[in-house]
Amino acid sequence: MSTHRKNMDRLLRGLMGLCSGITCLVLLMIIGYILYRGVPSLTWNLLSTEPNNLTGNIGILPNILNTLYIIFVAMIIVLPFGVGAAIYLTEYSTSRKLTNLISFAAEILTGIPSILFGLVGMLIFIQIGGLKQGILAGALTLVLMVLPTIISNTRESLLTVPRSYREGALALGSGKWHMIRTVVLPSALDGIITGCILSVGRITSESAALLFTAGFGLKMIGFVQALQSSSATLTVALYIYASERGAYDIAFAIAIVLMALTLALNLIASKTAKKIQEKRG
């Protein structure tokens, strides 16, 4: 390697290291500031009670439960559709034009602002569909938002599975669906889990779309009732306390809970994927 190339290589490595360092520094500064503002207000009473206007109590337990409810409902609905669509596009579709059209539509959906999803969700699911503001309407709106992520990640993962795996299974007498179910999908599990993690992260952090569909309710209610009752998630509660009530310390405390919840869900998904792979291996 010539001296010029060596110098260019050192320069590019240095620039990449500098960019990585700046990115990590900005992330640490944001997390540190959130912890600095939110930790003093993060109490057990805040986490384990519901708001009470008579006593002035502030609690976010209903919002934590609503967030878990909406993640559960949205993922239960979106996973079969997203993974099924990816399997069809990769394994069954014979029309290249149709495949390109669906892929293009998924990319377009990824770039649409979330507030527009909220308006469309309110129009379709609440005004036309007759649902009330609640977890179900919010989850259906989020399904439209995260469906492209599930499809694209699953499809890319399916395409990385070697063709020899498919040919070997078919040569041994396996049917196509049996081959997909027992050979292709287990090999593509990492990509499917990645899509799930990204989707859960977006569901957890979404607020604009849920303002129109899930509602602002801060009252403690059960899962079945929450499906058709106004139920604010953690992000909506953060918006309420920060913009409408000016309780910024509570908003920062909610931000800490959101970060911890997202981290916990990602760790659970990763551990689950590893255990499944170990059992199959």
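**A charge over a ring**

Modeller: Lysine 176 lies over the face of tyrosine 92, at 4.8 Å from the ring centre. A charge counts as over a ring if NZ of Lys or CZ of Arg is within 6 Å of the ring centre and within 35 degrees of the ring normal. The model is predicted, so local features need pLDDT of at least 70 and side-chain atom pairs count only at pLDDT 80 or more, while totals for chains, interfaces and linings use all residues. Residues are numbered from 1 along each chain as its sequence is written, and side-chain values use heavy atoms, with hydrogens and water left out.

Glutamate 91 belongs to helix α3; helices are DSSP runs of H or I with at least four residues, strands are runs of E with at least two, and both are numbered from the N terminus. Glutamate 91 counts as buried because its relative accessibility is 11% (buried is under 20% relative accessible area, exposed over 50%, partly exposed in between, with a 1.4 Å probe and protein chains only).

Serine 93 is in the loop between α3 and α4 (96-111). With a relative accessible area of 17%, serine 93 is buried too. Its contacts, again leaving aside neighbours within four places in sequence, are Tyr88 and Thr99.

Next come the pairs of rings. The structure has 3 aromatic pairs; rings of Phe, Tyr and Trp (its six-membered ring) pair if their centres lie within 6.5 Å, and planes under 30 degrees apart count as stacked, over 60 as edge-to-face and the rest as tilted. One of them joins tyrosine 33 and phenylalanine 252: the ring centres are 5.6 Å apart and the planes stand at 85°, so this pair is edge-to-face. The pair links distant parts of the chain, as tyrosine 33 is in helix α1 (residues 3-38) and phenylalanine 252 in helix α13 (residues 248-280), 219 residues apart. Tyrosine 33 has a relative accessible area of 43%, so it is partly exposed.

Another pair is tyrosine 69 with phenylalanine 223, which is edge-to-face because the planes are at 70°, with the centres 5.2 Å apart. This pair also links distant parts of the chain: tyrosine 69 lies in helix α3 (residues 61-92) and phenylalanine 223 in helix α11 (residues 223-226), 154 residues apart. Tyrosine 69 is buried, at a relative accessible area of 17%, whereas phenylalanine 223 is partly exposed at 30%. Ring pairs join Tyr69, Phe72 and Phe223 into a cluster.

Finally, the chain as a whole. The protein chain has 13 helices and 0 strands. Its C-alpha atoms fill a box of roughly 70 × 60 × 40 Å along the principal axes. Of the 281 residues, 40% are buried. Among contacts between residues at least 6 apart in sequence, 73% join residues at least 24 apart.

Definitions and conventions. Contact means heavy atoms within 4.5 Å.
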